[in-house]
Amino acid sequence: MRSHPREKTGRNSPCPCGSGKKYKQCCLSNTSIASAGTETLDTPWSRQRDASDRLTADMLRILRRDFADSALDAWVDFNRQDDPVSLEKMPHELSIFSPYLLFEWDPERPARRSAKQPQGGIVVHAYMKKAASRLSALEHLILEQAIERPVSFYEIVRVHPGRGAVLRDILIGEETEIEEHSGSATMRPGDVIYAQIWILPEVATLGRSAPIPFPPDRKVEIVKLRVRLQRKINKQNRELTAADLTRYTDEIRAVYLEIRDAMSTPPKLQNTDGDPLLFHKLHFNLQSAQSALDALAPLAVGVAKAELLDEAEWAPDDSLQSVEFPWIKEGNKMHQSWENTVLGHLKIYGKTLLVEVNSARRARRIRDEIEKRLGSQATHVGTETQAPEQMLKKAKQRKALRDDEGEIDQDSLLRDPEIRRQVEAQLQKQVEGWVHTKIPALGGRTPLQAVADPDGREMVEALLQGWERRNELPGDASIVRPDINALRRLLNLPVKPESLMK
């Protein structure tokens, strides 16, 4: 719903700033029009910006003079932790922290907020005591908005670059058309911003905003927050309101901080068992290659022993010299559509066994299996480990060497139309299996289960939008990208026009 229409105020109507005067005798009286043929220099937008800049400069003087020693305490409270990353290392956070410090921070405020109207923090109170009598009606209104309006999460619905945007409050559903000149130039529909909207005479605008928008898939955490907040007021048989958001402002900011910190932390690489990636090479001495194969062949679940020997190498006396085969288990807990999972690779050559796996837990499991199956016929002689970063560095070096030598690499193969079609088909099959996969972000439900209720449907849509956004990242022609609209059809969600998918 549109909660804040931007309607023109009549000259003789009461002024929207709340002064009690007619509009023409109050805020309109400051309007000046430039000469004919030039742009209007004095507008509701420019007036509020000028007034806001004056207030901020005055309050910063108060802050520096009377509260300079408290800024560190405010930064600790804002981050909700005893030892946050220093503000010097996060200077971009000033755009959202400074308004908190000026308008909201109060070290004496109770930990649990009351349902009463917000009263503002110690800096704005000190300023109001000194300056209240000389403030204009517009400046009073700006201070009221900065103190009383909720700081919430807004989804960008539509953008008019250089002019403004339509934002929807994800927590209470209200839509507001804001005027925002420079900021709107970089806004994208689907992104989420943590911000405060001011409703001023003839204009709605951003009073404060976090420096970095969140991608669409981060909306999942915010929908979960909405569900939690709605539960808190369910006994009152009503929906969340803006007043509720000001009451729960600390919980809302906590989710902002969680998302902010998660986005600035490198992703934890995991295998399909959920184990952290750490590559292991286990070395064993063997008494017999053939005995080792006989004992370990069942680890390749679903593959006949004769099939494993297809690529084997034999000694002149027809004894087994070397053979490689995968360690396989049936199914996959992360991808339910997978028939099996390759857990590692074993290579027997002569009287040596080399096993490669990608996690510490798998390394322990395979060592236990080998020692159980072979007993004294196998002796563990050592294990090498390598972090993913080291593996990636070496892989890049090998690729550069192959390129220099003119060898055909994977990227070149994917430029072959027939090979590419096969890879795309295989990838798409795996991607479409996602709809049947239990997703932690969806509370352990599959996307197919989650879309059955409105909140779950909104979360699945957010995940798909995030996937589509990542598909937009530039890359060369060898990159294979899945068809997300195919997932939308499987989930009975609206399909996006192809023009919007590029």
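## A walk through the predicted model

Helix α4 (residues 122-131) and helix α5 (residues 137-148) pack against each other at an angle of about 160°, and their axes are 12 Å apart. That angle makes α4 roughly antiparallel to α5. The residues that touch are Val124, Tyr127 and Met128 on the α4 side, with His140, Leu143 and Ile147 on the α5 side. As for handedness, α4 passes α5 in a left-handed crossing. Keep in mind throughout that this is a predicted model.

Now for another pair of helices. The axes of α9 (residues 289-296) and α11 (residues 360-374) come within 10 Å and cross at roughly 115°. These two helices are therefore roughly perpendicular to each other. From α9, the contact uses Ser291, Ala292, Ala295 and Leu296, while α11 brings Ile370, Arg373 and Leu374. The crossing of α9 and α11 is right-handed.

Stepping back for a moment, the chain has 502 residues, and 42% of them count as buried. Its secondary structure comes to 18 helices and 12 strands. Take the contacts between residues at least 6 apart in sequence: 62% of these join residues at least 24 apart. The accessible surface of the chain is about 27,600 Å², with 51% of that belonging to carbon and sulfur atoms.

### Salt bridges

Side chains of opposite charge can pair when their charged atoms come close. How many salt bridges does the structure hold? The count is 32.

| Asp42 | Arg47 | 3.7 Å |

Glu458 sits in helix α16 (residues 454-471) and Arg226 in helix α6 (residues 219-232), so the pair ties together parts that are 232 residues apart in sequence. Glu458 counts as buried at 15% relative accessibility, and Arg226 is buried too, with a relative accessible area of 13%. Both residues also belong to a network of salt bridges that links Glu155, Arg168, Lys219, Arg226, Asp455 and Glu458.

What about the other two pairs in the table? Asp42 and Arg47 are both buried. Asp261 counts as partly exposed at 27% relative accessibility, whereas Arg260 counts as buried at 9%.

The buried ones are Ile96, Phe97, Pro99, Tyr100, Leu101, Leu102, Phe103 and Glu104.

Arg253 counts as buried, at 3% relative accessibility.

Arg80 lies in the loop between α2 (71-79) and α3. Its phi is near 60°, a positive value in a residue other than glycine. At 46% relative accessibility, Arg80 counts as partly exposed.

You'll find Glu202 in the loop between β5 and β6 (203-209). Is Glu202 buried or exposed? With 18% relative accessibility, Glu202 counts as buried, the cut-off for that being under 20%.

Last stop: Ser182, in the loop between β4 (175-179) and β5 (192-200). Ser182 is exposed, with a relative accessible area of 62%. Ser182 and Gly164 are 18 residues apart in sequence, and their C-alpha atoms are 8.7 Å apart in space.

How values were computed:
Residues are numbered from 1 along each chain as its sequence is written. This is a predicted model: local features need pLDDT of at least 70, side-chain atom pairs count only at pLDDT 80 or more; totals for chains, interfaces and linings use all residues. Side-chain values use heavy atoms; hydrogens and water are left out. A salt bridge is a side-chain nitrogen of Lys or Arg within 4 Å of a carboxyl oxygen of Asp or Glu. Buried means under 20% relative accessible area, exposed over 50%, partly exposed in between (1.4 Å probe, protein chains only). Helices (H or I, at least four residues) and strands (E, at least two) are DSSP runs, numbered from the N terminus. Contact means heavy atoms within 4.5 Å. Accessible areas come from the Shrake-Rupley method with a 1.4 Å probe; for residues, only the protein chains shown count as cover. Axes are lines fitted to C-alpha atoms, for helices over the stretch in contact, and angles run from 0 to 180 degrees between N-to-C directions. Angles under 35 degrees count as roughly parallel, over 145 as roughly antiparallel, 65 to 115 as roughly perpendicular and the rest as oblique. A crossing is left-handed if the near helix is turned anticlockwise from the far one by less than a right angle, and right-handed if clockwise.
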